[in-house]
Amino acid sequence: MPTKNESITQELRQKARHLLESGQVAAFLGYTSGSVPMVMKPFVARKPEDAERLEWNSFCVLNLANYLPPLLRSFEPPRRPNDPPPEGPLPKVGVAATGCWSRNMVVQVQENQMERERVVIIGISSRGMVDRKKVLNAVNHAEITSVKEEDNSLLVKGPGLEEEINRWDVIRDNCQTCVHPDPVIFDEMIGQLQGDRDIQDRFRQVEEIENLSAQDRWQWFTSEIDSCIRCYACRNACPLCYCPTCFVDDSRPQWVGKSREPVDTAIFHILRAYHCAGRCTDCGSCESACPMGIRMRILTKKLQKDVLDLYGTEAGMSIQQPLPLSTYKMDDPQDFVLTESFKGEKK
Amino acid sequence: MLDNKDFSAWLSRLSDSHDIYGPKKTRKGMLEWARLEGGQLPDPEPGVPKSSIKTFYFPQPETLFEFSARPKKEDAFRLHEPSRHQNPRLLIGVRPCDARSVVLNSMPYQEDPYFQENRRNTFLLGYACSQGCSTCFCTWTGGSPVGQDGLDILAFLLEDGLVLEPVTERGEELLEKAGSARDLTRAQEQKVDEIRQKAPASLPEEMEPAPRLREKELMALYDAPFWQELSDSCINCGTCTFLCPTCYCFDIQDETLRGRGRRIRYWDSCMFPLFTLHASGHNPRGEKIKRVRNRFMHKLKYFPDRFGPLSCVGCGRCVRDCPVNIDIRQVMKELLAI
Amino acid sequence: MNDKAKNQKDWEPKIIAFLCNWCSYAGADLAGVSRYQYPPSLRIVRVPCSGRVSANMILDALRSGADGVLVSGCHPGDCHYISGNYYARRRFAVLKNFLEFIGIEPGRVNFSWISASEGEQFAEVAKEVTSRVKKLGPARHLVKEF
């Protein structure tokens, strides 16, 4: 019996091959395996036979939506900034998408980064992706040379190491607390939709920190980011980060110093996270890409929690629903405003 | 031969005059450079620490000079040297690949006073690797798990202590202060020999890519079709360059703040578009594929053409931590196949 | 700021106030013309609209050594640009919580609505913000030093 992921792989290859053969898409964006266990390579199949290299497993941790807008642009005729847009239909790209990835595609459509018509989305309802760092912790950072995946377990091998790990125990934090595993937009599905998951403590990680004193929160924040090497893997793995000039590269004014100094690193992480407010789908790409094991996802999760509490919306649930921070209501909460609290006192 | 207690006592004595660093496990479980005090020993984990030792030679950032930025002050905009680190540094548990990176980086930095000053001020006590990791490939780049390049002292770890071999004169001077070294027993001698022989065998078979790559025609490598697929996966972050011991590119910036100013030199990465952006707005490496190609071409072709060896020591950090599994070993094979 | 100054009892905080051109800046002007007394700790930056103030600017103020920040705009409904302050309100609500989440003390970064006719209100806000920041003492967390 093939495992669930093996069946998905088979079906994905078939669908991608068909899309490429029939000329419906110019390329198909998926994953292929590489040379290191538990790290998958995002892969662009450009010929029908490339489809056989596509693979699906629990290590597809980077958000494919991140690659879409530049990939789509690469199929457009070259033009200068002020040239009119090209006429006629442009080539399409196929892509595999889980719940959060599809929601990021919604955000990209809303923010005019791509057109819905130009992507053929093969939806996959997510069973959660594995956190490589959790697996490494589970084997006490011993060297791992191969990982075989079953539906509910991982068989991890290395020199002098052979261990079976329960799959759910090493699933990424964001996937464990994921409420919307189903793609919200798709053209075809592989497998069934599973419906929203009922998660009671989806913001537990955030609440734990909220309950600390201001001093302890600062302590937590600075010790979490102190190993940051400013490689910007978190930023570059994020489908929300597409500014032609990132604020870290601005020099007049220069918002943040460019080296590895505590205040600059802190400001980088604050602003990076804050720029994702109301847009982040908690896909966990940033955390998965970080070479230093920084849990910067808790920052964006906090923003997600507040936006949900204050405005009752989550990013990317539908193309029609505006992004929470690019809209407003007349009666939005404003007790945080000093002059409003004065009013309260006078009453 | 020093047992661990004597080794620790020696370090403890040295720590009066030296700042000592070595790899320690962090609370997140990864191995990272840490200050060792009071005779602390490094954690004897196999493999290289997360960061390379380049931070000690090529600090992130390095202040080149400082100045007062208050125009009305007497010394306004007069440059002065910052107070630099004075104590000599001793790095313990350096793996031979990392030590070799210092030798390689010294080639382009031959006349760089900051790098060379740090080099003079830093002593390296290396630990020979008894076993390669799956991401290690020093034997492909001209190194060896028991290599001495760049080290002052090479140590072989035994169960009850370590065998220290001086490599340089200044290493020998340091060792003289170690005192009570014991003679090797027969069994210990055998163990050291065993490491010397077995360690290289645990790694991929030796190959000499540098001379072969030097012979290749540059444009043929430049136009190779596989760059496209590589660039398709790359997210253009700086993980590989910042963790790499032999990536040495930098940028320079003046910072002013509350009436004071300084010029700093800090790490830059050829993966970032800003790296090559001209003031005119033109960017010769504006596309991702050009940046990805440049990193590998620099390490595997331009550097060997200019200096001889590859600009890679085979530590495997980029392989281990690349979020999208771009593997320089495969790039080497692809280039050699052309 | 050097340590000596920090220890001084008569320490006066430096507070950067981003005031919108159409309401709060005029409010500050009115406070002056009307001779309302308020502490001299505010450094005013005139901006076209509270919607113009980004998180980057607030953090830049703190990074450069400000002990506190005040952002003030028109009352909701009165924005010269119709809706600038409505957008700003959402962004600031989220930002304020977020800065407190990572350990910036409540009271360091403040927001208010002050109209062009509220000179007295402006003086009140200036006093309140100054006293809050004074209680917290000099800013430490995000001040860049070298």
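Visitor: Which residue just after helix 5 of chain C takes a positive phi?

Guide: The model before us is predicted. Helix 5 of chain C covers residues 119-136. Just after this helix, a positive phi of about 85° is taken by Gly137(C).

Visitor: What length does helix 5 of chain C reach from its first C-alpha to its last?

Guide: Helix 5 of chain C has 18 residues. At 1.5 Å a residue, the expected reach is 26 Å. The reach in the model is close to that expectation, at 26 Å.

Visitor: Which residues of helix 5 of chain C are buried?

Guide: A residue counts as buried if 20 or more other C-beta atoms lie within 10 Å of its own. In helix 5 of chain C, the residues that are buried are Gly119(C), Gln121(C), Phe122(C), Ala123(C), Val125(C), Ala126(C), Val129(C), Thr130(C) and Val133(C).

Visitor: Turning to chain B, how does its radius of gyration compare with that of a compact globule?

Guide: Chain B has 338 residues, and a compact globule with that number would have a radius of gyration near 20 Å. The value for chain B agrees with this, at 22 Å.

Visitor: What percentage of the contacts in chain B with a separation of 6 or more comes from residues 24 or more positions apart?

Guide: Chain B contains 13 helices and 10 strands. Of its contacts with a separation of 6 or more, the share from residues 24 or more positions apart is 71%.

Visitor: Is helix 9 of chain B roughly parallel or roughly perpendicular to helix 11 of chain B?

Guide: Two packed helices are described by the angle between their axes and the distance between the axes. Helix 9 and helix 11 of chain B have axes 9 Å apart and pack at an angle of about 105°. Angles of 65 to 115 degrees count as roughly perpendicular. Therefore, helix 9 of chain B is to helix 11 of chain B roughly perpendicular.

Visitor: Which residues of helix 11 of chain B make the contact with helix 9 of chain B?

Guide: The residues of this contact divide into 4 nonpolar, 2 polar and 2 charged. Helix 9 of chain B contributes Trp227(B), Gln228(B), Leu230(B) and Ser231(B). From helix 11 of chain B come Lys288(B), Ile289(B), Val292(B) and Arg293(B).

Visitor: Which helix of chain B gives the most to the side that touches chain A?

Guide: In chain B, 30 residues are in contact with 32 residues of chain A. The residues on the chain B side divide into 13 nonpolar, 11 polar and 6 charged. With 3 residues, the element of chain B that gives the most to this side is helix 10.

Notes: Residues numbered from 1 in each chain as written. Chains lettered and ligands numbered in written order. Predicted model: local features only at pLDDT ≥ 70, side-chain atom pairs only at ≥ 80, totals over all residues. Axes fitted to C-alpha atoms, helices over the stretch in contact; angles between N-to-C directions. Helix = DSSP H or I, 4+ residues; strand = E, 2+ residues; numbered from the N terminus. Parallel < 35°, antiparallel > 145°, perpendicular 65-115°, else oblique. Contact = placed C-beta atoms within 7 Å. Nonpolar A, V, L, I, M, F, W, Y, C, P; charged D, E, K, R; others polar. Expected span 1.5 Å × (residues − 1). Buried ≥ 20, exposed ≤ 12 C-beta atoms within 10 Å, placed from the backbone. Rg over C-alpha atoms; globule rule 2.2 N^0.38 Å.
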